[in-house]
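Opening the notebook on a new model today. I want to go through the cores, the sheets, the helices and the charged pairs, in that order.

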Amino acid sequence: MQTFAKMQDKIYSSASARIVGSTKAIVGLTLTVRGLEAVAGIGSRCRVFGRKGAVDGQVVGAQGADLCVLPFGAWDGVAVGDPVELIELDDMVYPDESWIGTVVDALGQPLSSYDRAPRPRKKSTRAAQPPKAFERKQVGEKLETQIKCVDVFTPLCRGQRMGVFAGSGVGKSTLMAMLARNTDADVIVIGLIGERGREVQQFIREDLGPEGMARAVVVVSTGDEAPLLRKQAALTTTAIAEYFKSQGKQVLLLLDSVTRFAMAQREIGLARGEPPTLRGYPPSVFSELPHLLERTGPGRQGEGDITAIYTVLVDGDDMNEPIADAVRGIVDGHLVLDRKIAEQGRFPAIDLQKSLSRMLPGCHSAEEYEITKTARKALGRYADMEDLIRLGAYKPGSDADTDQAVLLFQTMSPYLSQGRGEQSTAGQSFAEIYRMILQAGIEDPLSAFFAQDGAQGAVPQAELGATS
């Protein structure tokens, strides 16, 4: 028995078989490996043993017997001929309830202290396939955000995917924080992709705050990290949201930003030899985008939903640049933040004429939709005449519709401005905008409903709140 026990100890203590190749060439971030082509495939993990220590990488391409490997850091100290070992690490994360209120990195490793849940834990793959079209539920009921512009003009429903398009410094992060604090969701999963290191703690402590962090999981990959990690952070964020969705929870996913995910994929694609196409983006970028975005949305029967907000950092405020154009065609609506509106001091700086929700008109009640439609029409009239009004070329009294539009804009614009901690229910917002429409002298949009019911006068605020 003692002999058998000694043999068993030696078996358990002996190292498992190692599969090792060698470094053939290093060009930029691309490391070429020879000797692993028979056992390694796309997505396999490798460990390169250089003079300054081991560096992990991932296989992203293959050409003949040569494998293209990119690092999760940098190839400092690695030289030609250094050994490259294939490591058995699956592409999984293991989220659970204990992750709520914590911050993790692109690979799911904790950046803040938390108590790990005991095993077994459910695996979630970063590269999961989107649900099939006929397996999904339909988009659910309206989700109240308590942001006036959003609830009235671009409503959000459970399972909807919305894009936030803006240039730098126009208020994307502040809008995300307001959505995280105000929106009714069981769990909030936030991905900060390529973010400035200085702003990570500022966003968590000041913008998100303890109230938002109490039900949030934050995934962070700063802009100084390798492109593989920035891409992995977006996949990890989505995988965590999918886990909580599978537990029947309503999940709000906030990803900032899709543009930096696309830039990371561009670096990866160019490193493995893909030809650049639109503005230097290789074809793989435009195949990866729908794969990432389609993973969110309504869940299967018995599951929760993932309501997703994706920010898009538009290049030079060009809303038609390739990434913005591609994302706009995939998501279910878009919010456009305008720099001119921000410079006027109105936040959130949402351009109501350029923003829309594809859930309308079904997302609103009939009364709410009439109020929204009337307000949009009047604000559009003001936008058409704005330059003439500012130059003094328009004489008040020349056109009744324009005069009414000017009065509505003058009262509605300051009302739609909303501070970071300010909240307004959808019912209150509709009631106030309805009152402003009547005060501006615009024809009552609800007169037809009064005629049907035999009622007279304005709709009480409480009644509007009930319809929302």
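This is a predicted model: local features need pLDDT of at least 70, side-chain atom pairs count only at pLDDT 80 or more; totals for chains, interfaces and linings use all residues.

Which residues touch the most other members of the largest nonpolar core? I got F153, I190, V218, M412 and I433, in a core of 61 residues. I then took V218 and listed its contacts, leaving out residues up to four places away in sequence. V218 touches T102, V103 and V104, then I190, L192, I204, L208 and M213. Another core lies apart from that one; it has 46 residues, and L228, F244, F261 and M319 are among them.

**Whole chain.** I stepped back for the overall numbers. The chain has 468 residues, and 52% of them count as buried. I find 14 helices and 18 strands. The C-alpha trace spans about 100 × 55 × 40 Å along its principal axes. For contacts between residues at least 6 apart in sequence, 71% join residues at least 24 apart.

I checked the UniProt record, an unreviewed entry, which places "domain: AAA+ ATPase" at residues 158-342. Over residues 158-342 I note 45% helix and 22% strand, with the end C-alpha atoms 28 Å apart.

What is the strand order in the open sheet of eight strands? I read 8-14-13-15-16-12-17-18, with mixed pairing. Strand 8 (102-104) and strand 18 (356-357) are the edges, and each pairs on one side only. I looked inside the sheet too: strand 15 (residues 251-256) and strand 16 (residues 306-313) run parallel and are joined by five bridges. L253 stands opposite A308 in strand 16.

**Around strand 6.** Next I went to strand 6 (residues 83-87), where four of the five residues are buried, so I call it mostly covered. Strand 1 (residues 20-27) runs antiparallel to strand 6, with three bridges between them, and S22 stands opposite P83. Strand 3 (residues 45-50) is also antiparallel to strand 6, through four bridges. There, R45 stands opposite I87.

**Helix 5.** Is helix 5 enclosed or open to the outside? Of its 20 residues, 19 are buried, so helix 5 is largely enclosed by the rest of the structure. Helix 5 (residues 227-246) reaches 29 Å from its first C-alpha to its last, close to the 28 Å expected at 1.5 Å a residue. After helix 5 comes G248, and I wrote down its positive phi, near 85 degrees.

**Salt bridges.** How many salt bridges does the structure hold? The count is 30. Side chains of opposite charge can pair when their charged atoms come close.

I started with D332 and R161, whose side chains meet at 3.4 Å, N to O. D332 sits in the loop between helix 8 (322-328) and strand 17 (333-336), while R161 is in strand 12 (residues 161-166), so the pair ties together parts that are 171 residues apart in sequence. Both D332 and R161 are buried.

Next was E274 with R272, where the closest N and O atoms are 2.9 Å apart. E274 has 18% relative accessibility and counts as buried, whereas R272 is partly exposed at 32%.

Then I looked at E386 and R390, with the closest N and O atoms 2.8 Å apart. E386 and R390 both lie in helix 10 (residues 366-391), four residues apart, about one turn of the helix. An α-helix has 3.6 residues a turn, so residues three or four places apart point the same way. R390 counts as exposed, at 54% relative accessibility.

Last entry: E135, K245, R300 and E303 are linked in a network of salt bridges.

Notes:
Residues are numbered from 1 along each chain as its sequence is written. Side-chain values use heavy atoms; hydrogens and water are left out. UniProt positions are given in the numbering used here, feature names are shortened, and annotations may be inferred rather than shown by experiment. Helices (H or I, at least four residues) and strands (E, at least two) are DSSP runs, numbered from the N terminus. A salt bridge is a side-chain nitrogen of Lys or Arg within 4 Å of a carboxyl oxygen of Asp or Glu. Buried means under 20% relative accessible area, exposed over 50%, partly exposed in between (1.4 Å probe, protein chains only). The expected span of a helix is 1.5 Å times one less than its number of residues. A nonpolar core is a set of buried Ala, Val, Leu, Ile, Met, Phe, Trp, Tyr and Cys residues joined through side-chain atoms within 4.5 Å. Contact means heavy atoms within 4.5 Å. Two strands pair if DSSP finds at least two bridges between them.
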